[in-house]
Every structure is written in structure tokens, then in C-alpha cells.
Protein chains: 2
Amino acid sequence: MMNDLPRNRFYYELLKRSIVPGETGVLEIGAGSGLLSMMAAQLGAQWVVAVEGSPEMCRLAQENIKANNFETKIKVLNMISTDLTLKHLPRRPDILVSEIFGTLLLGESALDYIQDIRERLLKPDTKIIPQLGVQYAVLIECPTLESICSVDTWNGLNLSHVNSLKDTASCVFTKKYGFRMSSVPFKRVSEPIRVLDIDFAATKQGFAPLERELHVKAIEDGVAHAMLLYWEARDGDEVMSTAPWDTLDNFPRDMQWGQALQLIDGGHHSIPSDLHVRRGEEYRFVCCTSDDHVILQFNYEPRDATTIEDLDDIEAAIEEGEGDEEESRQHAAAAATTDEVNKEDDK
Amino acid sequence: MMNDLPRNRFYYELLKRSIVPGETGVLEIGAGSGLLSMMAAQLGAQWVVAVEGSPEMCRLAQENIKANNFETKIKVLNMISTDLTLKHLPRRPDILVSEIFGTLLLGESALDYIQDIRERLLKPDTKIIPQLGVQYAVLIECPTLESICSVDTWNGLNLSHVNSLKDTASCVFTKKYGFRMSSVPFKRVSEPIRVLDIDFAATKQGFAPLERELHVKAIEDGVAHAMLLYWEARDGDEVMSTAPWDTLDNFPRDMQWGQALQLIDGGHHSIPSDLHVRRGEEYRFVCCTSDDHVILQFNYEPRDATTIEDLDDIEAAIEEGEGDEEESRQHAAAAATTDEVNKEDDK
């Protein structure tokens, strides 16, 4: 989103720090209409190669580049970056720059694409911009959100059965709900969790388990209506954040990324129920993710629930033919949860 | 959206005025989870038949009805209302109630369904709730919207070619953009136009031409960034409106319906340009609609453009083999516009 001015400044500052005029070679992947590549050219890069998979966007990038007289400096290649080889480049680049983040930090496979280029085409000292990224999750209380997700009574009529439609299994983007999180009141009721901690210059796929327990500490009494997911990309003191408290005055950023929300089910009943949290107490969640970390899911595990280790034991016991009926039921429930992860895709 | 409390009050008030306890028979079509039918039962209707096409929603309606002890009063039928016949009803109903509106008033085919029931199953004096509906359109100036739809320059770089991606042909729902119109600043720069004026007790499909000229009078100097579409359903002094100035405190209504926006192209260039309007002046638009009025589209016609009558003349001339090349080109342009109407579907 070219009108996200703080985003533009973030990239401009980082490029400025690393570009030596007349010397630096820059590779951009996922170049879109070419703004970051043109920034690099404007800052005096010796050469710039802009890789973009969409033919339509490539055409636009070419037009923009021509309008700004950078045709001799910037080469646009219409290809997927995984097809790029050394023969397409003057030499190994000094800078790899990209902005291929989604509503979730890795939602558009940024780590896959950057790791691929890093391992095949970069020098050990190539600067990757931006270098660091963190996917955060935090529990929030948000009655406004609740007003469109749950029903109780109206004029004495009991409407609570409608709550069986409440989707507490999927991470849904605010863009899909149709509102800006930064335009509604909410409060954080837990500490933020660093769900994924990425160094784009070093992290390799497989760095995080596909299923793990998270202990989330409440910092306020309240109802945890949802897990709010936002990210920060960071490099030195420069930060680009999708947290709703950082996008209050940044409409273009909310419209490009927004945040993700997963409604919380506080119990193991047929109809989802509220999770009331108390300041200082810890709440156990299982965080599931797909192989490529493009998808995330959080399941609250009530205090009396079985742990993942227990489930492994149960599974082993079943395989050994020792499982009783109750254990089989629990095992089926765990399997169903994993299935749900694969079904959800709000991209 | 059951938590849209003013919506609930609107229907409750209208039902209350027409129901004679112990005497009135009520038919609801598109009953969803059954709230309007339960209101009718609560108000003492003699009988209620609730028709709903989705098996899942029918099951929910049954559960809600059971939880409120209305099983003997309300019969739920899982069918499309066009399959409903007199044999499904105790007798012709005294009231037909429905809430089958979309982001556009007729976006979910309310007129088709209501006209069908009206012509086959109602008495001349059956009360239709709500009875009246108006689809409005008004030109707005909204720099916030513009900030995600147009690009100009950044740091001296010319980025204007990106505006060739600007979609000025489609009516796009605010839910699809991902923001509430009631949460961003904008000003109306024209008088509102009554695009469709419906009396659900009388209007028949075919009531409005598929293409017609609208003369829109500016009430303020400014830039007409978009046509904003909202509707009002009305019955006596009771009004239910989707206008963003009426939904400021009604989050559920914005999340259910929101509004539609069509960006305006002020010229006939390859890249869309601004339409500057001056207070008191009139601007000519062609409003196109599909046969069933489910889709609407507005095309601004600059002062020097050909009128629809001219196009009819040109078409006749071409058919008579008298058309020259220039006329053929204009005719092709008009045909392309009609095609665009059929392509857009933001439901």
C-alpha cells in the first residue's frame, strides 16, 4: 500500500543506511509496482533488480520506472523469485529487500521466499531488509466484537442456541469481518506472546514445533473474547507494526493488513462459552501451525484438560491395544482439533 | 443480526400494530433463526409459519422455538418460499413479514420473493412488513477512501500509473473493503437520489428501466470520490436505515449490511481522474441495473458525452448500415459498459 507513509519511511530509512551510492547492488522480491526498487535507485544504488510474479504488476512497475527515468538503473523481471538464478543478476546483491508480509507475518510465505534466495543467491554479508519479525498474540476483551459473535436474549426470548454457529476454531482477518480493530474499543487482558520470532537472515523453516503449549498470563480481570494477532517487523530502531494501537492514524495499513482474531471457547461444551480471566493467573493454550507457518490456531485448554504429553501417552497406549473407551474419545477429540487447523484458510 | 437492537424494535413495533392476539396468522419468509416469528408468537399471533431455506438455520430456529415454548404456535418449514403453497398454511396469512435485505436493498432478491408470495398466497388486505423501501445513492467526498484507492507521488517519485488499477466500474461493499463507513470522515456533496422506490405491497419486477439517466445536483463544492449507496425500509413512522450517519452506534448493522461504494471516474482517459463538482450544478450519470435489480452501477457522463438517446440513434443507424467508424466505436463503448454491470458481483 503505497500511501502507508510510515511504511515508506521505514523502508527508505533502512535502504539509506545500507546503500553506498554507486556501489550497492539491490535485489527486491515481490516488487509489486516497484516503489522500494525506485527508492533504492533514488538513493544511488549501482543497480537494482526487481522480481515480480504478476505480469500486470510488472507492466505497472515498468511504467512507474519509466516515468521516473530509472530505466537504466532498474531491471524488472516477471518471474517467481524461486526461479531467479545468478545469471539474472549482475552479481550477488549487497541488499535483499522485500515487503511480502500478510495479515499474519508469514501469511504470504515471506520466510520461504527469503530463505530460498538467502541460501542460493546471497553473500554471507548481504543485508536483508527488514531483518527481524515477530508474530504476536494477545488476549483481548472486546464487547463490540462480542456483539456480532454471540447472542443471549432479546425482550425475554432465549436466543442462545444461535451461539452454536460461533466459530472459535478459525483465525479470521479483521478485513473479512469488515471493520478496523483500531476503530473499536478493547482492552488487552494478557501479556503479549511472541508466537513466532524470525530473523530473516538466519531462521530456517522447521524452526518452530507444529503444536506446542503456551502459558498466557492475565494482566487484568476480564473476559478473554478473542486472541488478537499482530506483528512487528524491526531493524535497528526502525519498527513497522500492525498492532491496532499503532495504526490509529494509518488507514492504508489497516486496509492492507489489519489484524487476525480468533474467538475463544472457554469450555468443552457443545456451545462455546466465555473464558473469564483473573489478573496474575496463567491460562494454557495449544498453538497449532501449518508446516510453513502460514496458518496459526489457538485452542484454550481448560485446567482439567489432558496435556499434549498425556495425549501422546494415550495414543501410544491405544496403539498398544491398551486404550479404554474414554481414552479413545479424548484421542478422537485431539485429532479433530488438528483437522480444524487444516480446514481454516481466511486468506 | 439479532444484536441489532433498533432493527428488532422496528419489527416488534410493526408486528405489534398489526397483530390481533388470538386472531392473526403470520407468515415469515427467510426466517433464519426465527426471531421475527418468535416476536409474532410473543405478541399473541394465532399461528406462525416460518419458512427458511437452510437446513442448519431451520434446526437452530427449532431449538430457539423449543427453548421459548412456542412449538405449538410456530411451524418451521425447511423450503424456499417459492415452493410454499396454500396447503402448507392454515389459511392465507394476515401478515407477511421478512427481513431479506442485502447491502443493496434488493441485493438478496427481496422483491422477487415477496412479489411471488404476494401474487400466489396473500389476501388483498394482508399486511406486508415492512411495506416500503428506498435505495438511495449520494455523491461523497472522502479523502480516507481516496487514500486507499489512488496514488500520486511519494518523496518526489511519480507513482500515478498505479491508478490504472483503480476500479471505477464496480459497486463494492464496505464489508469487502474492510472498514465501517460510519468510522471515517466524509461529506455529502450532492442531494441523495432515490434510485429504487419500492412498495412491497404493489411494486412488480420490471418497474424500473435497466438503463437511465440521472441528474445529480451538487450541494457543495468538492471532489466526488464515490457514489455511496444505502437504503431505508419504512412503514408509517418506523424507519430502518443503513445510512452511515444512522449506524454510528449500531456496529451489528454495519457488520450485517454496511453500504456500497462506487468510485467515480471524472473523465474519459485511460487512467481514472477526479470529478470536481460545484454547488448548484447538475452532473449526468447513467444508472445501469440487472433485470432483477440485484446489481447497480453508475457511470458518470462528462458534459460533452453522447446521451442514451444519441446511442439509440447510433444503434439504429448501425443496424440500417449507415454507421460510420466513429459511431461504431461509441456503440462498442456503450456495450462494454453494459457487460461490466453483469460481471460485477460483490455479494
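Modeller: A residue is called buried under 20% relative accessible area, exposed over 50%, and partly exposed in between (1.4 Å probe, protein chains only). This is a predicted model, in which local features need pLDDT of at least 70, side-chain atom pairs count only at pLDDT 80 or more, and totals for chains, interfaces and linings use all residues, while side-chain values use heavy atoms, with hydrogens and water left out. Residues are numbered from 1 along each chain as its sequence is written, with chains lettered from A and ligands numbered from 1 in the order in which they are written.

By the rule used here (a side-chain nitrogen of Lys or Arg within 4 Å of a carboxyl oxygen of Asp or Glu), the count is 34 salt bridges over all chains. Take A:K127, which is partly exposed at a relative accessible area of 22%. A:D235 is buried at 10% relative accessibility. These residues form a salt bridge, with the closest N and O atoms 3.0 Å apart. The pair links distant parts of the chain, 108 residues apart: A:K127 belongs to strand 5 (residues 127-129) of chain A and A:D235 to strand 14 (residues 226-235) of chain A. Helices (H or I, at least four residues) and strands (E, at least two) are DSSP runs, numbered from the N terminus.

A second salt bridge in chain A joins the side chains of A:E238 and A:R17, at 3.1 Å from N to O. A:E238 is in strand 15 (residues 238-241) of chain A and A:R17 in helix 1 (residues 5-18) of chain A, so this pair ties together parts that are 221 residues apart in sequence. A:E238 counts as buried at 18% relative accessibility, whereas A:R17 counts as partly exposed at 45%.

Chain B has a salt bridge between B:R17 and B:E238, with the closest N and O atoms 3.1 Å apart. Here B:R17 sits in helix 1 of chain B and B:E238 in strand 15 (residues 238-241) of chain B, so parts that are 221 residues apart in sequence are tied together. B:R17 is partly exposed, with a relative accessible area of 46%, and B:E238 is buried at 18% relative accessibility.

Salt bridges also form a network in chain A, linking A:R91, A:D94, A:K123 and A:D125.

Next, the place where the chains meet. Contact (heavy atoms within 4.5 Å) takes in 48 residues from chain B and 48 residues from chain A. The buried area (accessible area, 1.4 Å probe, that two parts lose on being put together, summed over both) is about 3,900 Å² between chain B and chain A, and carbon and sulfur atoms give 66% of it. On the chain B side, B:W154, B:L157 and B:F251 lose the most area to chain A, together 17% of what that side buries.

Within helix 7 of chain B lies B:D254, which is buried, with a relative accessible area of 3%. Beyond its neighbours within four places in sequence, B:D254 is in contact with B:K175, B:R180, B:S182, B:T247 and B:Q259.

Last, confidence. The model scores ipTM 0.83 and pTM 0.86. Chain A has a mean pLDDT (the predictor's confidence in each residue, from 0 to 100) of 89, and 87% of its residues reach 70 or more. Over residues 322-347 of chain A the pLDDT is below 50, and this stretch has 37 contacts in the model beyond near neighbours in sequence. Where pLDDT is low, the predicted coordinates should not be read in detail.
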